[in-house]
Each structure stands twice: as structure tokens, then as C-alpha cells.
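Student: I have a sequence and a model to go through. Can we take it step by step?

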Amino acid sequence: MSDPAGPAGGRTSLTLLYVPGDRPDRVTKALASSADAVLADLEDAVAPSRKEEARDNVARILADPSGRAVQVRINHPSTPWHADDVAMVAALPVGVGARVPKVESVDEVRALAAALPGRALHLLVESALGVERAFELATASPQVASLGLGEADLRSDLRVDGDEGLTWARGRVVVAARAAGLPSPHMSAYTNVRDLDGLAASCRTGRGLGFSGRTAIHPGQLDTIRAAFLPSADEVSAARDVLERVGSAAVEGVGAVALADGTFLDVAMVERARWVLELASAG
């Protein structure tokens, strides 16, 4: 499956912007932003007293998303708002995905898939149990389109403060997503919106772990995220060289191909080169 979080046309998405559903002005601005996808939030960003208002706003604004890649983060089944959230999403155009928080149960995923037939489900694991079951959740339904972490809740559950305590969980989600044939996950939001240097450094760490892009909670974070995940000019040049040499070898009937530095090409290097060029096209 191509990345359903990405914009119309199938381009790889690097930036996903959260926006609270009870702020219709911000939802409208987010839809006009440079974000590759907009995440209209009915969950953590909305106070209990404003859940209904947020749901009504999102239903009205997203009745015609105008070709934008959009997801709605719904409330968990354990809350009194879940059923109404699901009913609202079911009435939206089928291209609007459902972002599902705090997922731990395969049965929960399958029940949601049945309630939202044909609609992409973007799962967030936010607990130790969710991380342990990551692959089971990723393969629970053909409608599962992505897997990601909700790190604020996960930090609390794991009783960790720094990023070091999340390294294993991050790697686990990357492996589970790719093993399930899903796109490389997006990183969880960086909550200090003024610390762009810290955001950039965190993104570079995540890219090294296999993440591809990140959610943002402020439009001012989008450019930093995109720059951190896009390949460098040298990486793009090296990737093109790999593919050109492979193509030339095929034409000439040569079986073994070496790069200028003496490294012999293999299938994994070719696939990596293609991925680098796909990422570059997201810029």
C-alpha cells in the first residue's frame, strides 16, 4: 500500500500537522499550510467540555477536504465520545483517515475497521502493552495504513524521562511497521515548539532509527522537520550513481558492479537508492 498519510498523488509524506478540532480557524489554516497531511484532533488537544463542538466543527470543515490528505484523531473506546466520533468519521469522504489513539487490542482494531469500511486506520501505540503487540496490531486488518508511537503516554507508562528510554520502543515500532509492509513510521510530536535546534537533532536521531517524517503541533515546526528528513545533495547524487551503474551494467550484460570507492553493489543498496530518491521527491 502506498503511504495513505501522504498528499494526493501518492508522494511520501514528511510532515503531519496536528490541529485542535475545537478551533475551526486553526483547522482551516492548517488545511492551507505546507503540511503534507493535516491531523484534526478530537482527543488530547480538546477539553471534555468542548468535544461535541470539536466534532461538529470537523464534520463541517472536512465534508469537503478539497483533495488534502486528512486524518481525524478520535477518542478511545473507553471514553463516552468514541461512538459519536466514529459515526462522524463514517459520514466523511472515505479518503479521510481515522487516527486511533492508545491501541492495545487486535479486536479493537477489527471492530473499528468494521465500523469504518474502506477507510484507512492510522494506529498509535502509547503503552508498553501496545509496543509489545506492535506487529499484531499492524497486521490486524488490511485497513491499517500506518503505525506510530504516542510518546507522552508511553513515557509515563515506561516511567522514563529522556529519549534514551524510548530507543527500544521506537525501533520496535519501525520494525513492526516494515515487517507488516506498512510505510516507515512518523515520529511523535516534539512538544517544545520554540526549540527548533532540539527538534532538528531529534529528527536526525529518528531518521537514523528508520523513521520517515514527523508529526508537528505548530506550523513553525514544519520546515525544520522537512529539512531533517530530506536526503542531502550528496545522498541524492550517490543514489543516482547507484541506479545509473546498475542500468548500465544491465545493458552491457555485466553481472558485478563496483562503485568508485570499491564497494560492490547488491540488491539492498539498489532498493535503498530508490528510497532516497523517493524521499528527495517529497521536498
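This is a predicted model: local features need pLDDT of at least 70, side-chain atom pairs count only at pLDDT 80 or more; totals for chains, interfaces and linings use all residues.

Student: Is strand β1 (residues 15–20) buried or exposed?

Tutor: Buried means under 20% relative accessible area, exposed over 50%, partly exposed in between (1.4 Å probe, protein chains only). T15, L17 and V19 point one way from β1, and L16, Y18 and P20 the other way. Six of the six residues of β1 are buried, so the strand is largely enclosed by the rest of the structure. The word is buried.

Student: In β2, which residue is the bridge partner of P20?

Tutor: Strands are DSSP runs (E, at least two residues), helices too (H or I, at least four), numbered from the N terminus. Two strands pair if DSSP finds at least two bridges between them. β1 and strand β2 (residues 37–41) run parallel, joined by five bridges. The partner of P20 is D41.

Student: How do helix α2 and helix α3 run relative to each other: roughly parallel or roughly antiparallel?

Tutor: Helix α2 (residues 51–61) and helix α3 (residues 82–90) pack with their axes 10 Å apart, at an angle of about 10°. Axes are lines fitted to C-alpha atoms over the stretch in contact, and angles run from 0 to 180 degrees between N-to-C directions. Angles under 35 degrees count as roughly parallel, over 145 as roughly antiparallel. Therefore α2 and α3 are roughly parallel.

Notes. Residues are numbered from 1 along each chain as its sequence is written. Side-chain values use heavy atoms; hydrogens and water are left out. Angles under 35 degrees count as roughly parallel, over 145 as roughly antiparallel, 65 to 115 as roughly perpendicular and the rest as oblique.
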